Amino acid sequence: MFGVPRLVIAAPSSGSGKTTVATGLMAAFTGRGLAVSPHKAGPDYIDPGYHALATGRPGRNLDAYLCGPELVAPLFAHGAAGCDLAIVEGVMGLYDGAAGRGELASTAQVAKLLRAPVVLVVDASSQSRSVAALVHGFASFDPQVRLGGVILNKVGSDRHEAMLREALEEAGTTVLGVLRRAPQVSAPSRHLGLVPVAERRADAVASVAALAEQVRAGCDLEALLALARSAPALDCAAWSPEGALAAVGTGATVTAGADGPAAGRGSGRPVVAVAGGAAFTFSYAEHTELLAAAGAEVVTFDPLRDEQLPEHTAGLVIGGGFPEVYAPELAANEPLRKAVADFAAAGGPIAAECAGLLYLARSLDGKPMCGVLDADARMSERLTLGYREAVAVSDSSLAAAGTRLRGHEFHRTVIEPGAGDTPAWGFTHSERRVEGFVRQGVHASYLHTHWAAEPSVARRFTGAAASRP
């Protein structure tokens, strides 16, 4: 049984202030000395960066589409182990989920799987008494979702607050907080949402501190904590990378030893270099945990600053991010681009997702990239967004042909061609097409995946790294 106190922060729609409230609550409770576990419903990479800044712990995603409903509670328990409180920021509106799939991957589904009370953040800037009808509808739509109260956001004045409180009191709804308009706590946005923490760290620290102060002043923290403590215990075992790998068989897990292959710094573990820094900020914490559990020595490098790959690199993971924002700087780092191209030419295993795909291309918006792939990328007016059901078309360092995974696309770029002679994925549900590139050790694609759903990919990739001469 797992009984950490917990809250889900939801809203009627996107743009209501979920991130403001969730991040502010995380920072406020952390400031009181509590160990707060931060979580985000859905596939979003950017909000967890702000959550991590607020709490000092990795922000973790809970996505019932990518990982399956059965893994939501175990992954939550893994992240929240040893904490005093867990806060889960929802995605979109409370009942919005995967298109055409009912409640799947909605905030409501996550709340039910976690048996967690929901706090509804309502943008009250353009309403007064109608707020009660809105909240009543959300509270009554699904009786299995427990709405514990509301936090009113963007309240204009004392009189406005009084009208809102009166209406909600008549409806029997508890007001847990009231936040006024405060432009100083907002974070800048661009084509894919908020600017990541790694690109504005000093300003982000100040914003999070301001959020914490706003929440302390406007919210009833004691009532919120009491609500969190009312959540019943979960009957589940915590997920672990070691347990996940054990469940899929022994495979090619690497063990440490003086004579181990591709020894990393004398450890006997193959070095898997993971791209980081401001241009490559999208990653799930469980990926590096699975790589380490499979036997890899995980080392981070920054393609904007480092001119060489980490010493003894035997595998390379280049995840998502914003290379389109940093194309000139990435292009200027010619030594690293050549090192990546040489590593690929030698058959080194590379797993590249979205931003990684663009970095491996011949060019990005006319700027030279690594040239590993015979393809060119550019910015586009069109946003590509949505969940995908995928099957591996070809054997690669990441997945055996026929491996099925669910993934997510989120980009405003295009690459031409969109698939190589040996594609990476075939999409099998609403869009029947092939996508991505498999070439020697390279697996490159726009598709973001969550390896907890298929831990064998971490073992396969680590095994490919370990087998390098």
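Residues are numbered from 1 along each chain as its sequence is written, and side-chain values use heavy atoms, with hydrogens and water left out. In this predicted model, local features need pLDDT of at least 70 and side-chain atom pairs count only at pLDDT 80 or more, whereas totals for chains, interfaces and linings use all residues.

Two strands are said to pair if DSSP finds at least two bridges between them. Strand β16 (residues 376-392) runs parallel to strand β14 (residues 363-364), to which 2 bridges join it, and S363 has D376 of β16 as its bridge partner. With strand β17 (residues 404-416), β16 pairs in the antiparallel sense over 12 bridges, and here A390 stands opposite L405 of β17. Strand β18 (residues 425-427) is likewise joined to β16 in an antiparallel arrangement, through 3 bridges, with W425 of β18 as the bridge partner of A392.

The structure holds 23 salt bridges, each defined as a side-chain nitrogen of Lys or Arg within 4 Å of a carboxyl oxygen of Asp or Glu. One of them connects R388 and E409, whose closest N and O atoms are 2.8 Å apart; this pair links distant parts of the chain, with R388 in strand β16 and E409 in strand β17, 21 residues apart. R388 counts as buried because its relative accessibility is 8%, where buried means under 20% relative accessible area, exposed over 50% and partly exposed in between, for a 1.4 Å probe and protein chains only. E409 is also buried, with a relative accessible area of 2%.

A further salt bridge is formed by K112 and D142, with the closest N and O atoms 2.8 Å apart. This pair, too, links distant parts of the chain, since K112 belongs to helix α4 (residues 107-114) and D142 to the loop between α5 (130-141) and β6 (147-155), 30 residues apart. D142 is buried, with a relative accessible area of 12%. By contrast, E161 and R165 both lie in helix α6 (residues 158-170), 4 residues apart, about one turn of the helix, and in their salt bridge the closest N and O atoms are 2.9 Å apart. E161 counts as buried at 18% relative accessibility, while R165 counts as partly exposed at 34%. Both residues belong to a network of salt bridges that links D158, E161, R165 and R180.

E89 lies in strand β4 (residues 85-89) and, at 1% relative accessibility, counts as buried. The side chain of E89 makes a polar contact with the side chain of K40 at 3.2 Å, a polar contact being a pair of N or O atoms within 3.5 Å, of which, within protein, one must be able to donate a hydrogen and the other to accept it, and residues adjacent in sequence count only if both atoms are side-chain atoms. When residues up to four places away in sequence are not counted, E89 touches I9, K18, T19, A22, H39, K40, A41, D47 and H51, contact meaning heavy atoms within 4.5 Å.

With a disulfide defined as a pair of cysteine sulfur atoms within 2.5 Å, the count comes to 0 disulfides. C67 is in no disulfide, the nearest cysteine sulfur, that of C236, being 14 Å away, and C67 is buried, with a relative accessible area of 7%.
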